[in-house]
Amino acid sequence: MRIDFHGNFDKRLSKLSRQQKEQFRLRLVEFVEDQYRPTLNNHALKGKFQGYRSINVTGDIRAVFLPHNENHAEFVDIGSHSQLYG
């Protein structure tokens with residue numbers, strides 16, 4: 001699977017704690033292996049994020065991505081639920 005990261009994603013990821021970054025790396029490995037693994041809670045978004053999807057990184061941290069096709073996704077944002085959607 002091809003994974004790309006938007007510049008905004010890199011900036012937001014750099015602001016997370018070391019533990020949150022490590023948790024994202026672990027979730028990314030799971031995502032590449034099976035993007036619909038139940039622990040990821042991969043789901044479609046609505047509203048301003050119509051067409052995008054989200055996965056759970058931690059209890060409150062979400063990573064938003066744009067699926068280009070079955071084998072290509074671009075992560076565009078990461079943050080707490082309230083930062084992203086609030």
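Let's start with a word you'll need throughout: a residue is buried if its relative accessible area is under 20%, exposed if over 50%, and partly exposed in between, using a 1.4 Å probe and protein chains only. The model is predicted, so local features need pLDDT of at least 70 and side-chain atom pairs count only at pLDDT 80 or more, while totals for chains, interfaces and linings use all residues. Residues are numbered from 1 along each chain as its sequence is written, and side-chain values use heavy atoms, with hydrogens and water left out.

**Aromatic rings**

- There are 11 aromatic pairs in the structure. To pair, rings of Phe, Tyr and Trp (its six-membered ring) need centres within 6.5 Å; planes under 30 degrees apart are stacked, over 60 edge-to-face, and the rest tilted.
- One of the pairs is Phe5 with Phe24, an edge-to-face pair with 6.4 Å from centre to centre and 75 degrees between the planes.
- That pair links distant parts of the chain, since Phe5 sits in strand 1 (residues 2-5) and Phe24 in helix 2 (residues 18-33), 19 residues apart. Helices (H or I, at least four residues) and strands (E, at least two) are DSSP runs, numbered from the N terminus.
- Phe24 counts as buried, at 3% relative accessibility.
- Phe65 and Phe75 make a tilted pair, because their ring centres are 5.3 Å apart and their planes are at 40 degrees.
- This pair also links distant parts of the chain: Phe65 belongs to strand 4 (residues 61-69) and Phe75 to strand 5 (residues 72-80), 10 residues apart.
- Phe65 is buried at 0% relative accessibility, and Phe75 is buried with a relative accessible area of 0%.
- Ring pairs tie Phe5, Phe9, Phe24, Phe31, Phe65 and Phe75 together into a cluster.

**Nonpolar cores**

- A nonpolar core is a set of buried Ala, Val, Leu, Ile, Met, Phe, Trp, Tyr and Cys residues joined through side-chain atoms within 4.5 Å.
- The largest one has 16 residues, and those with the most contacts inside it are Phe9, Phe24, Phe31, Ile55, Ala63, Phe75 and Ile78.
- Helix 1 (7-14), helix 2, strand 4 and strand 5 each supply at least two residues of this core.
- A second, separate core has five residues, including Phe49, Val64, Val76 and Leu84.
- Contact means heavy atoms within 4.5 Å. Leaving out residues up to four places away in sequence, Phe75 touches a list of residues that includes Ile3, Phe9, Leu28, Ile55 and Val64.

**Strands side by side**

- Two strands pair if DSSP finds at least two bridges between them.
- Strand 2 (residues 43-44) pairs with strand 3 in the antiparallel sense over two bridges, and His43 stands opposite Ser54 in strand 3.
- Strands 3 and 4 run antiparallel and are joined by four bridges, with Ile55 opposite Ala63 in strand 4.
- A hairpin of four residues takes the chain from strand 3 to strand 4.
- In strand 3 (residues 53-56), Arg53 and Ile55 point one way and Ser54 and Asn56 the other way, yet all are buried.

**Polar residues to look up**

- A polar contact is a pair of N or O atoms within 3.5 Å; within protein, one must be able to donate a hydrogen and the other to accept it, and residues adjacent in sequence count only if both atoms are side-chain atoms.
- Ser54 is buried, with a relative accessible area of 0%, and its side chain makes a polar contact of 3.2 Å with the side chain of Tyr85.
- Ser54 and Leu40 are 14 residues apart in sequence, and their C-alpha atoms are 8.6 Å apart in space.
- Glu30, in helix 2, counts as buried at 15% relative accessibility.
- The side chains of Glu30 and Thr39 make a polar contact of 2.6 Å.

- Most residues other than glycine have a negative phi.
- Asn41 has a positive phi, near 50 degrees.
- Asn41 lies in the loop between helix 2 and strand 2, and counts as partly exposed at 38% relative accessibility.
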